Amino acid sequence: NASAHTTRLVGSTLSDPYTSYVGGLNALAGPLHGLANQEVLKWIQDLSNKFESEGKEVNADTIKEYAWETLNAKKVIPGFGHAVLRKTDPRYTCQREFALKHLPDDKLFKLVDTIYQVMPG
């Protein structure tokens, strides 16, 4: 895994944890590793844009409806069906805890959190 390797490599130089973490995030920039993240973000942005243009509220019902529209169009919902992870990614768990504490009213976080609560893991 390029991002984990990069994080450890940067950390092995005795850099601070923040620099190591940023190195790992930068490893996600290439399409051979980070494309899944980009696809998830694109799906979320498309959902957000559609809801905004149609005046829909973000809630469990509208998220389910959009998810079924995606699946019925024979498309996949990116971020689900990871080859290795069978539980919630612990990195997301940490980010979610941070956002619940510091960004509870952030529009994007509210959207992602609703998706997290609605969609099966």
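Modeller: Glu54 has a relative accessibility of 42% and therefore counts as partly exposed, where buried means under 20% relative accessible area, exposed over 50%, and partly exposed in between (1.4 Å probe, protein chains only). This is a predicted model, in which local features need pLDDT of at least 70 and side-chain atom pairs count only at pLDDT 80 or more, while totals for chains, interfaces and linings use all residues. Residues are numbered from 1 along each chain as its sequence is written, and side-chain values use heavy atoms, with hydrogens and water left out.

Colleague: With which residue does the side chain of Glu54 meet in a salt bridge?

Modeller: A salt bridge is a side-chain nitrogen of Lys or Arg within 4 Å of a carboxyl oxygen of Asp or Glu. Here Glu54 meets Lys56, at 3.4 Å from N to O, and Lys56 is partly exposed at 26%. Both belong to a salt-bridge network that links Lys50, Glu54, Lys56, Glu65 and Glu69.

Colleague: How far apart are the closest N and O atoms of Lys50 and Glu69?

Modeller: They are 2.7 Å apart; Lys50 lies in helix H3 (residues 35-54) and Glu69 in helix H4, so the pair ties together parts that are 19 residues apart in sequence. Helices are DSSP runs (H or I, at least four residues), numbered from the N terminus.

Colleague: At what angle do H4 and H6 pack?

Modeller: Helix H4 (residues 60-72) and helix H6 (residues 107-118) pack at about 75°, and are therefore roughly perpendicular, a label for angles of 65 to 115 degrees.

Terms used. Axes are lines fitted to C-alpha atoms, for helices over the stretch in contact, and angles run from 0 to 180 degrees between N-to-C directions. Helices (H or I, at least four residues) and strands (E, at least two) are DSSP runs, numbered from the N terminus. Angles under 35 degrees count as roughly parallel, over 145 as roughly antiparallel, 65 to 115 as roughly perpendicular and the rest as oblique.
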